[in-house]
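Subject: Structure handover

Hello,

Here is the structure I promised to pass on. Please open it first, then read my notes below.

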Amino acid sequence: MALFLLGRRGFKRAMTAIRPSSVASGKKPVNGVDLYYEQTGRGKHAVLLLPGALGSTKTDFGPQLKSLAKERFTVVGWDPRGYGQSRPPDRDFPPDFFERDAKDAVDLMKTLGFGKFSLLGWSDGGITALVAAARNPDLINKMVVWGANAFVSQQDLKLYNEVRDVSKWSARMRQPMEEVYGVQVFAKLWEAWVDGIAQFVHRPEGSICMELLPLISCPTLIIHGEKDPMVPILHPEYLLKHIKGSRLHLMPEGKHNLHLRHADEFNTLVEDFLEE
């Protein structure tokens, strides 16, 4: 549900010499683990980037760390526990893993000294952002989510199971994550993610966080790529209906990784929304 749709070309574009010299990076102890983060910019408006499944700051948000207006925003990227450079620990997927990620994300920002901030969440990171915004209404300024879903349908489950076995992927599709995790660890971790996301289908209505959406009070922009092969339009439409005052922006040529493939358009859209 994240980088495996990116492929080598998009991955290399996201990774190639995009982090300016002004980026600070390191690890902070949060909730019993050491979380890796990168921070750039000097603006008063703090923004946290939340990556997709198995994703990390380096793989998922290169164009945003490079190009979001540094005089207006302070941008923080992070690797959720068990992903990227926030290892150890090994990643696991208990029933509350989105709640755990949301708490980690918020507590990391508190540790870094931010009293209020906005969220940019992609795919799984979008789900984490939804949970964080619902649980911390006084801390979240604004939120942008794309490629996110509040429930898992049977249609979604079928799609996840179709991509469970990474040995059936093309080498081009496997390479980005194999470069991060290694061949064997990536295959094992991806299967664990499929099992982790599949468990929600057994909940009432397949809910991941449906019951939390009415608790979200911050201005919310939902972006959807109309060519997204992973997230049908019914998911952003559901978010739009159940998040009070939210708005939906459609990108006709956008796929799941629209913030990488159409980075300039995406960044401008986000900057305009955050500054309204």
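Serine 123 is buried, because its relative accessible area is 0%. Buried means under 20% relative accessible area, exposed means over 50%, and partly exposed lies in between (1.4 Å probe, protein chains only). Serine 123 sits in the loop between strand S5 (117-122) and H5. Its phi is positive, about 55 degrees, although serine 123 is not a glycine. Most residues other than glycine have a negative phi, and most peptide bonds are trans.

Before going on, two notes on the source. This is a predicted model: local features need pLDDT of at least 70, side-chain atom pairs count only at pLDDT 80 or more, and totals for chains, interfaces and linings use all residues. Residues are numbered from 1 along each chain as its sequence is written, and side-chain values use heavy atoms, with hydrogens and water left out.

**Backbone exceptions**

Asparagine 31 also has a positive phi, near 50 degrees, and is not a glycine. Its place is the loop between strand S1 (24-30) and strand S2 (33-41). Asparagine 31 counts as partly exposed, because its relative accessibility is 36%.

Where are the cis peptide bonds at proline 88 and proline 89? One joins arginine 87 and proline 88, with omega about -5 degrees. Another runs from proline 88 to proline 89, with omega near 10 degrees. Proline 88 lies in the loop between S4 and H4. Proline 89 lies in the loop between S4 and H4 as well.

**The whole protein**

The protein has 11 helices and 8 strands. Helices (H or I, at least four residues) and strands (E, at least two) are DSSP runs, numbered from the N terminus. The C-alpha trace spans about 45 × 40 × 40 Å along its principal axes.

How does the radius of gyration fit a compact globule of 276 residues? Such a globule would have a value near 19 Å; the protein has 17 Å, which agrees. The radius is taken over C-alpha atoms, and the globule rule is 2.2 Å times the number of residues to the power 0.38.

Buried residues make up 59% of the 276 residues. The protein exposes about 11,400 Å², and carbon and sulfur atoms supply 51% of that area. Areas come from the Shrake-Rupley method with a 1.4 Å probe; for residues, only the protein chains shown count as cover.

Take the contacts with a separation of 6 or more: residues 24 or more positions apart account for 77% of them. Contact means heavy atoms within 4.5 Å.

Valine 76 is in strand S4 (residues 73-78). Valine 76 counts as buried, because its relative accessibility is 0%. Leaving aside neighbours within four places in sequence, its contacts include Tyr37, Val47, Leu49, Met109 and Phe114. Valine 76 and leucine 119 are 43 residues apart along the chain; their C-alpha atoms are separated by 9.8 Å.

Phenylalanine 98 is in helix H4 (residues 97-111). At 3% relative accessibility, phenylalanine 98 counts as buried. Its contacts, again leaving aside neighbours within four places in sequence, include Asp124, Ile127, Val131, Phe200 and Ile208. Phenylalanine 98 and isoleucine 208 are 110 residues apart in sequence, but 8.3 Å apart in space, C-alpha to C-alpha.

Arginine 174 is in helix H7 (residues 171-181). At 19% relative accessibility, arginine 174 counts as buried. Not counting residues up to four places away in sequence, arginine 174 touches Val166, Ser167, Trp169 and Phe186.

In helix H6 (residues 154-162), Asp156, Leu157, Leu159 and Tyr160 are buried. They cover an arc of only 160 degrees around the axis, which puts them on the same side of H6. The arc is that of the directions from the helix axis to the C-beta atoms. The face turned away from this buried side carries the exposed residues Gln154, Lys158 and Glu162. What do the buried residues of H6 pack against? They pack against helix H8 (183-198) and helix H9 (234-242).

In H9, the buried residues are His235, Pro236, Tyr238 and Leu239. Their arc is only 155 degrees around the axis, which puts them on the same side of H9. The buried residues of H9 pack against helix H5 (124-135), strand S6 (140-146), H6, strand S7 (220-225) and strand S8 (247-251).

Best wishes
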